[in-house]
Amino acid sequence: MTRRSPFRAPVAMMTATAALLTLSGCMTVHGELAVIPAVSAKADADKAVKQFVAGYNEANAAHDPAVTTGYETGALQDIDEASIKIDRQHGRGFQPLKLSDTKIVIPKMAGWPKFFLADALSNKSGRWLLAFTRNGPQEKWKAAYLLPSPAGGLPQFATDKDGYAKAIPAGKGSAGLAIDPGKLGNAYAKYLKTGSGDIFAPGPHTDRLRQQRTAAAKQVGQRTETIDQAYKFPAMALRTKDGGALAFFATRSFQRKTLPAGHSFNITPEIQAVLDGPKKQTNKMTFTSVSEQMVKVPAKKNGDQVAFLQRLPKQTAAKAE
């Protein structure tokens, strides 16, 4: 997938389509107006999970990143496309994915896109948490976020009398939270650049990541410039019983690395797999990474900071200059 360098002002766009949702049974409800379950039945959510597994296995077994468009979207698709390209470059084999003990969390929400969560046991690496989304009733559900479930388990979600979770629309319904989940991407990108503000709690993905980047920028024999951006895809958030929220968001990072004159980068198989353009000797390269984040957003009244539960970065593109 071709990416434009951020140092030449890249632009990423995403549009959402409003439509009507026809529920199983009879009546038609305006999905852009009425607050209704994101999925009309758990069986439909289970079907979406099975379609994801089938697509995942097809794409990885064939080493064909183009297949990901049928079952993934957003940052997750970028990450898996890159992973498949790297596996293909190495000629790696593939063990089919199996998910079991699947728990579904369905929120009630108005408007599009809608989403739901699936927490399942993977035969590869413990429990996975997947967020599925679609922009209209005629579209397929696609996985937009996939991260390991938190070590301590998921927080308790706030639910209504029917057991449905409470979604937090970006820009709406975020009253009482330390930050609107829809603003997390921009806030995180700004924090990584400046280190200012008290939104994010200290840890490996905040102050320690900034320290690592500072050290890399001062590395002898190589200059590194980094730009972070919010990934242009909706954040997803559910209200938790303690008044906070569990939220998913994505960011994109661009690193331009420059070696001294007369030196050139070693194009490893990992770089070759995601190289945008011809392979050539150069002392300047820009690397693109995409990162998914799962965080716990606290209630504003508690005075706590946003805590990272999981973060999954992946180098998705490289370009020689």
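**Contacts, rings and a pocket**

Trainee: What is the relative accessible area of D242, and which class does that give?

Mentor: This is a predicted model, in which local features need pLDDT of at least 70 and side-chain atom pairs count only at pLDDT 80 or more, while totals for chains, interfaces and linings use all residues. Residues are numbered from 1 along each chain as its sequence is written, and side-chain values use heavy atoms, with hydrogens and water left out. A residue is called buried under 20% relative accessible area, exposed over 50%, and partly exposed in between, with a 1.4 Å probe and protein chains only. D242 is partly exposed, with a value of 46%.

Trainee: Which residue forms a salt bridge with D242?

Mentor: A salt bridge needs a side-chain nitrogen of Lys or Arg within 4 Å of a carboxyl oxygen of Asp or Glu. For D242 the closest N and O atoms of the bridge are 3.1 Å apart, and the partner is K296.

Trainee: Where do D242 and K296 lie, and how many residues apart in sequence are the parts that the pair ties together?

Mentor: Helices (H or I, at least four residues) and strands (E, at least two) are DSSP runs, numbered from the N terminus. K296, which counts as buried at 16% relative accessibility, lies in strand 13 (residues 284-297). D242 lies in the loop between strand 11 and strand 12 (245-258), so the pair ties together parts whose separation in residues is 54.

Trainee: Are D228 and R213 buried or exposed, and what is the distance between the closest N and O atoms of their salt bridge?

Mentor: Both D228 and R213 are buried. D228 forms a salt bridge with R213 in which the closest N and O atoms are separated by 2.5 Å. The pair links distant parts of the chain, 15 residues apart, with D228 in strand 10 (residues 223-230) and R213 in helix 4 (residues 207-217). To repeat what you asked, the residues are buried, and the distance is 2.5 Å.

Trainee: How many salt bridges are there by this rule?

Mentor: Besides the pairs above, D162 and K161 meet in a salt bridge at 3.5 Å, N to O, where D162 is partly exposed at 46% and K161 is exposed at 79%. A network of salt bridges also links D101, K103, D119 and R127. By this rule the count comes to 12.

Trainee: Why is the aromatic pair of F52 and Y56 called tilted?

Mentor: A pair of aromatic rings is described by the distance of the centres and the angle of the planes. Rings of Phe, Tyr and Trp (its six-membered ring) pair if their centres lie within 6.5 Å, and planes under 30 degrees apart count as stacked, over 60 as edge-to-face and the rest as tilted. The whole structure has 16 aromatic pairs. The rings of F52 and Y56 have centres 5.7 Å apart and planes at 40°, so the class is tilted.

Trainee: Which residue has its charged end over the ring of W112?

Mentor: A charge sits over a ring if NZ of Lys or CZ of Arg is within 6 Å of the ring centre and within 35 degrees of the ring normal. Over the ring of W112, 4.8 Å from its centre, sits the charged end of K114.

Trainee: What is the volume of the second largest pocket?

Mentor: On a 1 Å grid over the protein atoms alone, a pocket is an open set of points with protein on both sides within 12 Å along at least five of seven lines, and lining residues have an atom within 4 Å of a point. Grid points are joined across faces, edges and corners, and a volume is the space filled by probe spheres set on the points. For the second largest pocket this space is about 480 Å³.

Trainee: Which residues of its lining are closest to the centre of the second largest pocket?

Mentor: The lining has 23 residues, and those closest to the centre are M109, A110, I168, P169 and A170.

Technical notes:
1 Å grid on protein atoms, 1.4 Å probe; cavity = no way out; pocket = protein on both sides within 12 Å on 5 of 7 lines; lining within 4 Å.
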